[in-house]
Every structure is written in C-alpha cells, then in structure tokens.
Amino acid sequence: MNNRIAHFCQKCRTANEPGEASCRKCGTRLMIVTFPPNLRHEIEEISPSYYEDHLLERVSLLEFRLKQLSEQLAMAYEFISRQSEFFEKDHLSIAAFTEAVLNVEPNLSEKLAAEFALTYNQKTNEIKIETKQQKILQEILLNHENPNAELFTHLVKEGIKLLEQNEEKQAFRTLERASLLSTENIALQLFIAEKLFRLDKFDAAKVYLEKIYDISPQNLTALLLLGAVYANDFEAEKARKMLSVLAGLPKSRVCANYIWGMLSAFEENWNEAIAAFRECLELSESPEINYLIGAAYFENQNFPQALELLELAVLEDAKFADAWFLIYVIYENLDKPTKAENAHQMAFMSKEAGAMSLKFMRKNDSAKIDVAIPFLHLKSPEKRLLTNGSLRMTKFFKQLVFDSID
C-alpha cells in the first residue's frame, strides 16, 4: 500500500515518499495527507483555492489529532492491561496462599479471610472519609466572600489539621477565628457544629446551629442536629418544629421518629411513643427499637406484647443486658420464677458495658422497678433525654444522627 501512495506536502504540494516526517523541498512537517496515484501526473496542474487550502489544513490537523489520540489510547490500554495482569497475579497469589493455609489449618484460613475483609473495609472507609473532607473544605472555601482569603484558608486548614491530631480545644479556637472572617459561611458553621455535636459539646453546637437556622432555615442537616439538641435538652416544642419537616424524608425518617418517640416517652404518651418507634422499625429492623417498643408496652402494663418485642430484641442480640433484665422483671410480675431466674442469669452473664440494669442486679428488690429501664433517666430533669441512658442506646441514637447527615 505504501509503495502506491505518495504523501504530499500541505504547503508546497511536493510529493514525498511514504514514511517521511518532513517535506524534502520546503521542510514543512508532513500531515497524513494523500492523493490517489492516478492524480500524480496532474499534481503540477492542481491549484487549490484558499477555501480548499483551509479545508486541507483542517483535515490535516484533525488527522494529526486523531493519530495522537490513537497513540494515547494505545498507551492507556497497555497501562490498564498491565495493571489488570498485576491484579490478577495478586488475586491468584492470595487465593493460592489461602487455599494452602486452608489445607493445613482451616481455622487460620478463616481468620486470614476475615482480616483481609476488615483491611479492605477500613481502606474503603478511609478513602470515603478523605473524599468527604476534601469536599467539605472545598465548599467552605467557595462560600467565603469576604477579604483576607489567604488568612481564612490558612485558619480553616489549620483547624481541620488540629482536629485530626485530637487537639480539639485549639482546633475550635482556630475555626472560631475563621468563622469571624466569614460570618455567613454556612458550610463552615455547619462543619464546626457537627464536630462539636460528635464530641458531645451540645451547648456549643446549639449556638452555631441556631446561627445557621437564622440564615438558612431550610438546611436539612442543621434542622436535624438542632432538633436533636433541643430534644436532648427536653425542649419538646422546639424539637418537634424541626422534626416535623424531617419525619417524611427518607434519609432522616428513622432518626426523626426515634427522637419523636423519646419525646413522647418523656411526656408519658405511650401510644404515641409506640407508634413512632414502630415507624422506625418498619424502616430499619434493630434490637434497640424492638427493646424500646417492648419497654413502652411495659409502661402500658401490656406484658404479653412487651415480652414479644423484648424476646425479639434478645434473639437479635443475646448480649443485650437491659432487654434481658426487663424480661426478668416482667416474668417476676407474672409470677413465673423459673423463667425470671433464667432471664436474670442471662442479663448478669452478658456483662454489657454501660448497661443501666447492672446497678439493679446487685439489689435484692431489683424486680420491683415500676419504670422501664430505658426511660428511668427521664425522671431526672438535670440529665439529657437522648444521651443519658445506657451506653448502648446513646451510641445507637448518635449513629442514627450520623447516618442521616453523612
């Protein structure tokens, strides 16, 4: 093919041998432009117009770009193929290693597989967190409209760095300075409020959240955090104002109904509490929600229903001490000593850290409680509604909040 086609210079129209990079007459870099052999003898008679010259240059340029793109695609394909081969080799090596270990020590093989899965999940979570932090930082910087942009950027980055080093006190001072330079920067205010909330500094978080609410009352993340803070302080009316907006939204529905149910329990409106907790249960099955519904039925003196839900809770988690203890109390009230003793033993043997029932199991009159375990702290106004119960329920509530805003 190359012996029958000449490459013509786009400048002086001189015919060049195929494969030459520059015109042998004028030195112009040759594009991939060809004429059929039957026109070679007429080459001197061809006199393209300006329009034809322009088209020829455009076509030549396009062909050159196409050639470059083709080379880049070839390089990319080669790189992907090489990486694929490395991945396949690594995968085969791990598989062969796991199989060899399985033949020698089956239990060790399972442990290694679990370690590999854990490491993968940790790396995945680290990447997600890093991506989220970069996105938040970019949003904060984009929302800054005032002067001193360089100082503002430095303060924000320094504050985030200090938080990563667990220097919370200095970090919040630095971020507070940044917020003074950008008083209506909702992204920054929300970042600070969320970090304060995660560290249980609810009063300080409330200050920032109320500022955000004044500027942007439709910010869903601020509404949820502020509603949670108000509810935690037993400010039911303010909390419900926020929660009513969130109760119908898919992402925040479980959390909003959970908080609503706890507010109803504080007001001893047990039917409303049961309805709110059941709404949570329809969306997300968990031993904690079954436990709360069972406790609400206990308050209504509906022991059969309470037992049904509490037994579901311990079926899902056999180490749920407070649920076992409440089962014990119910069986004592129903005068079933054998079942009561078994439940008491299960509660004691679970040794769950932070369980509220631990202090009762040391007393002889522990079966005589008349308030369900998860609602005991609601009788003390100096405590908080959502974060002064058992360690398990506090963690569960906070996880609901974080799942709703992440």
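The structure is a predicted model. Its chain contains 15 helices and three strands, and of its 406 residues, 40% are buried. When contacts between residues at least 6 apart in sequence are considered, 54% of them join residues at least 24 apart.

**Two helix pairs**

Two packed helices are described by the angle between their axes and the distance between the axes. The table sets out these values for two pairs in the chain.

| Helix pair | Angle between axes | Distance between axes |
|---|---|---|
| Helix 8 (residues 236–246) and helix 9 (residues 253–266) | about 155 degrees | 9 Å |
| Helix 3 (residues 149–164) and helix 5 (residues 186–198) | roughly 15 degrees | within 13 Å |

With an angle of about 155 degrees, helix 8 is roughly antiparallel to helix 9, because an angle over 145 degrees counts as such. Helix 8 passes helix 9 in a left-handed crossing, and the residues that meet there are A236, A239, R240, L243, S244 and L246 from helix 8 and R253, A256, I259, W260, L263 and S264 from helix 9.

The axes of helix 3 and helix 5 cross at roughly 15 degrees, and these two helices are therefore roughly parallel to each other, since the angle is under 35 degrees. Helix 3 also passes helix 5 in a left-handed crossing. On the side of helix 3 the contact is made by F152, V156, I160 and L163, while helix 5 contributes L188, F191 and K195.

**Helix 12 and its surroundings**

Helix 12 covers residues 303–316, and its 14 residues reach 20 Å from the first C-alpha to the last, close to the 20 Å expected at 1.5 Å a residue. At the start of this helix, a side-chain oxygen of N302 comes to within 3.3 Å of the backbone nitrogen of Q305.

Which residues of helix 12 are buried? They are F303, A306, L307, L309, L310, A313 and V314, and what covers them includes helix 10 (270–283), helix 11 (287–299) and helix 13 (321–333). An α-helix has 3.6 residues a turn, so residues three or four places apart point the same way.

**A buried loop residue**

S357 lies in the loop between helix 14 (337–350) and helix 15 (391–405). S357 counts as buried because its relative accessibility is 0%, under the 20% cut-off for buried residues. Leaving aside residues up to four places away in sequence, S357 touches A321, D322, F325 and I373.

Definitions and conventions. Residues numbered from 1 in each chain as written. Predicted model: local features only at pLDDT ≥ 70, side-chain atom pairs only at ≥ 80, totals over all residues. Heavy atoms only, no water. Helix = DSSP H or I, 4+ residues; strand = E, 2+ residues; numbered from the N terminus. Expected span 1.5 Å × (residues − 1). Buried < 20%, exposed > 50% of the residue type's maximum accessible area, 1.4 Å probe, protein only. Contact = heavy atoms within 4.5 Å. Polar contact = N/O pair within 3.5 Å; in protein donor to acceptor, adjacent residues only side chain to side chain. Axes fitted to C-alpha atoms, helices over the stretch in contact; angles between N-to-C directions. Parallel < 35°, antiparallel > 145°, perpendicular 65-115°, else oblique. Left-handed = near helix turned anticlockwise from the far one by under 90°.
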